[in-house]
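Here is my note on the model you asked me to look over. Please have it open beside you as you read.

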Amino acid sequence: MFKVNAIQCLKCRDVIFSRARHDYRSCSCGKTAIDGGFDYTRLIGSYSEPVKLALIVTKKQLYDDWNNRTDKYGKIEMKEITNKLNNAKIKKVKRTSRKRIG
Ligand SMILES: [Zn+2]
């Protein structure tokens, strides 16, 4: 588990984080960006309070993701988050609607 500083763009609601010192990561709308990797954090634009995001990846995986331009990490689009929340809601509804036996 690896913790990174992440911010959310107030306009498009994407959550972004920097994967390496020179990784300048911007959101979908381009209004907000984060830079500096794990050594320091530089924030650009209009964003929420930074949060610590726990990721199930290593520092090297994040670095390689940036270095090889795989771009699997660094940006969580709002539609992805909404999907996850919706899935969680469906699961919760199913659980509460289940009747107790006995
Ligand atoms: Zn944005």
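1. **Ground rules.** This is a predicted model, in which local features need pLDDT of at least 70, side-chain atom pairs count only at pLDDT 80 or more, and totals for chains, interfaces and linings use all residues. Residues are numbered from 1 along each chain as its sequence is written.

2. **Overall fold.** The protein has 2 helices and 7 strands, and along the sequence they follow the pattern β-β-β-β-β-β-α-β-α. Helices (H or I, at least four residues) and strands (E, at least two) are DSSP runs, numbered from the N terminus. Of the contacts between residues at least 6 apart in sequence, 49% join residues at least 24 apart; a contact here means that two C-beta atoms, placed from the backbone, lie within 7 Å.

3. **Burial.** Of the 102 residues in the protein, 21% are buried. The cut-offs count other C-beta atoms within 10 Å of a residue's own, with C-beta atoms placed from the backbone: 20 or more is buried, 12 or fewer is exposed, and anything in between is partly exposed.

4. **The sheet.** An open sheet is formed by 4 strands in the order β6-β1-β2-β7, with antiparallel pairing. Two strands pair if DSSP finds at least two bridges between them. β6 (51-55) and β7 stand at the edges with a single partner strand each, so one side of each has no neighbour in the sheet. β6 is also hardly covered, as the count of buried residues among its 5 residues is 0.

5. **Strand partners.** β1 pairs with β6 in the antiparallel sense over 5 bridges. Within this pairing, Val4 stands opposite Leu53 of β6, and Asn5 has Lys52 of β6 as its bridge partner. Between β1 and β2, also antiparallel, there are 3 bridges, and Ile7 has Ile16 of β2 as its bridge partner. These two strands form a hairpin with 6 residues between them, and Arg13 in the turn has a positive phi of about 70°.

6. **The core.** Which residues make up the largest nonpolar core? There are 10: Val4, Ala6, Ile7, Cys9, Val15, Ile16, Phe17, Cys27, Ile34 and Tyr47. β1 (2-8) and β2 (15-17) each supply at least two residues of this core. The term covers buried Ala, Val, Leu, Ile, Met, Phe, Trp, Tyr and Cys residues joined through C-beta atoms within 7 Å. In soluble globular proteins, nonpolar side chains tend to be buried together. Leaving aside neighbours within four places in sequence, Ile34 is in contact with Ile7, Ile16, Phe17, Ser18, Arg25, Thr41 and Leu43.

7. **Two loop residues to look at.** Arg69 is in the loop between α1 (59-67) and β7 (75-76), and has a positive phi of about 55° although it is not a glycine. Arg69 counts as exposed because it has 6 other C-beta atoms within 10 Å. Asp71 lies in the loop between α1 and β7, and its phi is near 55°, a positive value in a residue other than glycine. Asp71 has 11 C-beta neighbours inside 10 Å, so it counts as exposed.
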